[in-house]
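This report describes selected features of the structure shown below.

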Amino acid sequence: MTDSSTLYVDFTAATMVPGGDAYGLIEDAAIVVKDARIAWVGPRADLPSRYDGTAGQSLGGRLVTPGLIDCHTHVVHGGDRAGEFEMRLNGASYEEVARAGGGIVSTVTATRASDVDRMVADALPRVDALLSEGVCTLEIKSGYGLDTETELRMLRAARRIGHERPVRVCTTFLGAHAVPAEYDGRPDAYIDEVCIPTLRKAHAEGLVDAVDAFCEGIAFSPEQVSRVFDVAGELGLPVKIHAEQLSNLGGAIMAAEHGAISADHIEYLDDAGVAALAKAVTIAVILPGAFYTIRETQAPPIAALRKAGVPMALATDNNPGSSPLTSLLLTMNMACTLFRMTPEEALAGATRNAAAALGLDDCGTIAEGKRADLAVWEVKTPAELSYRIGFNPLHSRIFGGIS
């Protein structure tokens with residue numbers, strides 16, 4: 001073994017490689033890491049002879065999984081919405097909250113008033129909470145600027161977070177998130193005059209990894225989103241969509257026709273939408289935090305997605321309004337408890353399928369050639385990661401081979 005390689009031994013690996021035993025489990029496993037990649041993984045008894053005599057680093061009999069992946073967050077934003085949360089619980093209506101300056105308008109106002117340094121400083125405690133639970137890859141969206149300069153600042157802040165913390169950041173342009181007050185009643189003008197030109201500028205600056213949109217009655221129609229997606233295709237950027245969260249406008253079907261890598265929320269997805277996702281191999285991203293926070297009663301069609309073979313990912317949807325959630329472990333528990341996903345589906349949703357929802361093929365499983373992003377847990381079985389509530393059993397993270 002060369003000096004740049006590291007051998008880990010004395011652990012159980014939940015590789016999450018599909019097609020074999022549950023969780024892809026390997027008892028008494030060994031992993032060789034070289035140059036931030038997994039060079040070899042398997043039962044320790046099968047360790048190749050070239051590693052004979054090499055002292056391995058013991059992981060103390062713990063469980064090792066791929067590093068977790070939070071594939072849908074709005075973690076960069078200004079301000080918070082605790083005040084309106086309290087107002088609603090004291091009986092205020094949606095209209096009363098809005099008249100008091102609440103809702104997305106308050107977040108847009110606070111975000112527009114923040115520079116990049118402030119955005120990063122505000123976001124880092126939330127990011128740190130996610131990293132403390134084994135997250136190694138994090139998606140961050142724009143969408144609370146709704147003007148060119150603020151959207152660009154949000155994306156620059158997201159990029160900076162990937163330099164200030166040991167985490168891989170994937171950025172998503174969400175200019176089509178809501179219609180700002182200055183374009184009230186003119187969503188088409190906003191798409192043409194602000195959203196699409198800003199997307200082009202963000203792409204030219206190298207700030208965008210994917211393009212998202214909110215397709216809903218309170219946001220944008222499938223036709224308006226499709227125009228944004230056409231430009232994304234022209235720029236060579238993958239697309240994803242917030243769809244069927246509050247109603248069924250057919251946004252998921254439209255996104256699937258554009259080859260979307262994911263369709264997110266999808267509580268109101270119907271059988272035709274499920275079939276469209278299956279045909280396009282679009283990942284269904286399940287977001288129980290928003291379901292819980294807004295007290296939704298329509299659950300996503302988990303059984304239908306399972307039957308159709310649609311891969312399901314999980315994410316926190318961390319945002320100041322509908323999901324102020326910074327725990328991917330709690331997200332996994334909520335998916336099992338609220339939606340009857342299995343613990344194995346939940347862990348796959350936070351690893352293998354979350355990677356696919358970001359268009360990544362170099363992480364999400366423990367396999368040769370993959371990034372050495374690993375989470376080491378003080379648990380005996382993988383099901384414990386979804387079973388406990390409000391308890392963090394993380395022992396350590398290994399990010400790019402560095403612990």
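## Aromatic pairs

Phe291 has a relative accessible area of 11% and is therefore buried (under 20% relative accessible area, with exposed meaning over 50% and partly exposed in between; 1.4 Å probe, protein chains only). The model is a predicted one, in which local features need pLDDT of at least 70, side-chain atom pairs count only at pLDDT 80 or more, and totals for chains, interfaces and linings use all residues. Residues are numbered from 1 along each chain as its sequence is written, and side-chain values use heavy atoms, with hydrogens and water left out.

Three aromatic pairs are found in a search of the whole structure (ring centres of Phe, Tyr or Trp, the last by its six-membered ring, within 6.5 Å; planes under 30 degrees apart are stacked, over 60 edge-to-face, the rest tilted). Tyr183 and Tyr190 form an edge-to-face pair, because their ring centres are 5.8 Å apart and their planes stand at 70°. Tyr183 is buried at 12% relative accessible area, and Tyr190 is buried at 1%. The pair of Phe291 and Phe339 is also edge-to-face, with centres 4.9 Å apart and planes at 80°. Since Phe291 lies in helix H10 (residues 288–293) and Phe339 in helix H12, this pair ties together parts 48 residues apart in sequence (helices are DSSP runs of H or I with at least four residues, strands are runs of E with at least two, numbered from the N terminus). Phe339 is buried, with a relative accessible area of 6%.

## Annotated binding site

An unreviewed UniProt entry places the feature "binding site" at His72, His74, His242 and Asp317; UniProt positions follow the numbering used here, feature names are shortened, and annotations may be inferred rather than shown by experiment. These residues are spread over 246 residues of sequence, yet they cluster in space, with a largest C-alpha distance of 12.4 Å.

His242 belongs to strand S10 (residues 240–243) and is buried at 4% relative accessible area. Its side chain makes a polar contact of 3.2 Å with that of His72 (a pair of N or O atoms within 3.5 Å; within protein, one must be able to donate a hydrogen and the other to accept it, and residues adjacent in sequence count only if both atoms are side-chain atoms). Asp317, in the loop between strand S13 (312–314) and H12, is buried at 1%. The side chains of Asp317 and His74 are joined by a polar contact of 3.3 Å.

## Helix H4

A side-chain oxygen of Asp115 lies 3.3 Å from the backbone nitrogen of Asp117, capping the N-terminal end of H4. The buried residues of H4 include Val116, Met119 and Arg126.
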